[in-house]
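Please open the model in your viewer and keep the selection panel at hand. The stops below are meant to be taken in order.

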Amino acid sequence: MNLVEIRRLSKSFGGLSVINGLDLQLGENEILGVIGPNGAGKTTLFNLISGVHAPSEGSIFYRGVDIGRAQAWDRCRLGIGRTFQVPRPYARMSVYENVLVAAVHGGGLSSRAARKEAEQALDLTGLARRYAEPAGQLTLLDLKRLELCRALAIRPRLLLLDEIAGGLTDAESLALLDIVRQVHRRGAAIIWIEHVLHALRRLASRLVVLHGGGLLADGDPEAVLADPRVKAVYLGE
Amino acid sequence: MVAAIVNTLVQGVLIGGLYALFALGLSLSVGVMRAVNVAHGDFIVVVSYLLLSIATGFGLNIFLALALVLPVAFLGGFALQRYLLQRVSGKAVLAPLLVTFGLAIIIQNGLLEGYGADPRVLPGGALETKVVSIFGMQLGLMPLVTLAAAIVLIFALDRLLYKSQVGALIRAVSDDPGAASLIGLSPNQVYGIAMGIVGMTVAVAACFMGLRSNFDPASGPGNLLIAFESVVLGGLGSLWGTLAGGVVLGVAQGVGGQIDFAWQTLAGHIVFLAVLAVRPQGLFPRY
């Protein structure tokens, strides 16, 4: 059984149709890369899976259950974690508190277990040394680490990464890739929207291209990137 | 002369404790829910009547009556948020204002119908008349207890918000409800808990207001104005700032009253406007 099965998913905002009859599957422990031009519906897809928006039509099955109408917090408690393209820390709270609230409520852990989980996530993402600092004072790299860390603290079965390498230097991207790799090894499937293709190529086992709210291509990353339609639409060649 | 000035200042600080109690709940609801509850003063009055009914009806000590009312106030605040205020929050800026304004009118008229227009006071027993001598000044025990209650309540709320897991949830949802829902928090549930805590602070304020002054069904808007000025003077989101705001108002009123009795209330409003003009963010803003 697939971890995620999206069937004929559509989303419109007023008269603007952003996702149009999308079908997509994700296997257990798979890393799926998602690319597409601006306005292709990538972040809307994440918003639909994570529960920020409800679908206009279609279904989202997660571990065999249709979660399309479930509240965002219930989906999180089922093990769906996500990061944001523009980091959204709780700026006045410390780094540790940011992660702890996620562990307690998203992870459904007791206080003691949540503290341990939060500390492990901080260690894994390299934020342990900054745990007491207000999150609003972090650098962009550390904010992206915090996004990952907070998503990790809920012990995700499915992790949605929204352009975590965007705006970072190559060295910084590599540092984050290493963290993503370790998260994947812990058993999480990942859907990763990214414009930094060399980062995506290193980890993604499969790549899909969204265009106009539908699927333009789906398959092996190198084969997809060599597809003339993808080159024309996304790479402008 | 010096003794009179010191006495005026001390009395101002003591009344500031009561004003801080009025303002604490409003400070929390503005800080967490980002909404001004226009019925805040009327909630204080309605709980004062509830305390009066319990204390006189069952012959209970007023503080025992308060202990009984605290859980009811929590549930009342929770239910109010979950089943009424939450329905209008986030839709338009005016909607929560109009709903709470409507509530204020319903409460005032309901109390008038049920209790009549006569001013009431809560029975404080021996505490009402007890006087203690501090540095040669004769001070009422009740105002001292009121100030102490405000300080203890602020300390407790500060610990709750900044040192407990419940506080971390409330601050996370207050910061970014959208992001909070994606780490497993239900903002509606957390707002309900926050409003429950507001309800408990309202109960404490109601008790001390009724012990220290007369109240009637129309007292609510006056309480709201004092609470609002204390919160803004202190700075949004700062609980200790709210105490400072209350004390500034109390002292201003005391000094104004010494100049001319008619100036007592006006002096508080003038100081409020003056501070707002010079320091619009308040004295100790946290947000």
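This is a predicted model: local features need pLDDT of at least 70, side-chain atom pairs count only at pLDDT 80 or more; totals for chains, interfaces and linings use all residues.

Select chain A and colour its two domains separately: domain 1 covers 1–68 + 156–237, while domain 2 covers 89–153. The C-alpha centres of domain 1 and domain 2 of chain A lie 25 Å apart, and the contact between these domains takes 10 residues from domain 1 of chain A and nine residues from domain 2 of chain A. On the domain 1 side, select helix α6 (residues 170–185) of chain A, which gives the largest share, five residues; by class, that side of domain 1 of chain A has seven nonpolar residues, two polar and one charged.

Next, show chain B together with chain A, where the contact takes 23 residues from chain A and 15 residues from chain B. On the chain A side, the elements giving two or more residues are α2 (72–77) and α3 (95–105) of chain A, and α3(A) supplies the largest share, six residues. That side of chain A divides into 12 nonpolar, five polar and six charged residues.

Finally, select residues 40–58 and 62–88 of chain B, helices α2(B) and α3(B), whose axes come within 9 Å and cross at roughly 130 degrees, which means that α2(B) is oblique to α3(B). The crossing is right-handed. To view the contact, display V47(B), L50(B), L51(B), I54(B) and A55(B) from α2(B), with I62(B), A65(B), L66(B), L68(B), V69(B) and A73(B) from α3(B); the residues of this contact are 11 nonpolar, no polar and no charged.

How values were computed
Residues are numbered from 1 along each chain as its sequence is written. Chains are lettered from A and ligands numbered from 1 in the order in which they are written. Two residues are in contact if their C-beta atoms, placed from the backbone, lie within 7 Å. Helices (H or I, at least four residues) and strands (E, at least two) are DSSP runs, numbered from the N terminus. Ala, Val, Leu, Ile, Met, Phe, Trp, Tyr, Cys and Pro count as nonpolar, Asp, Glu, Lys and Arg as charged, and the others, Gly among them, as polar. Axes are lines fitted to C-alpha atoms, for helices over the stretch in contact, and angles run from 0 to 180 degrees between N-to-C directions. Angles under 35 degrees count as roughly parallel, over 145 as roughly antiparallel, 65 to 115 as roughly perpendicular and the rest as oblique. A crossing is left-handed if the near helix is turned anticlockwise from the far one by less than a right angle, and right-handed if clockwise. Domain bounds come from an automatic or database domain assignment.
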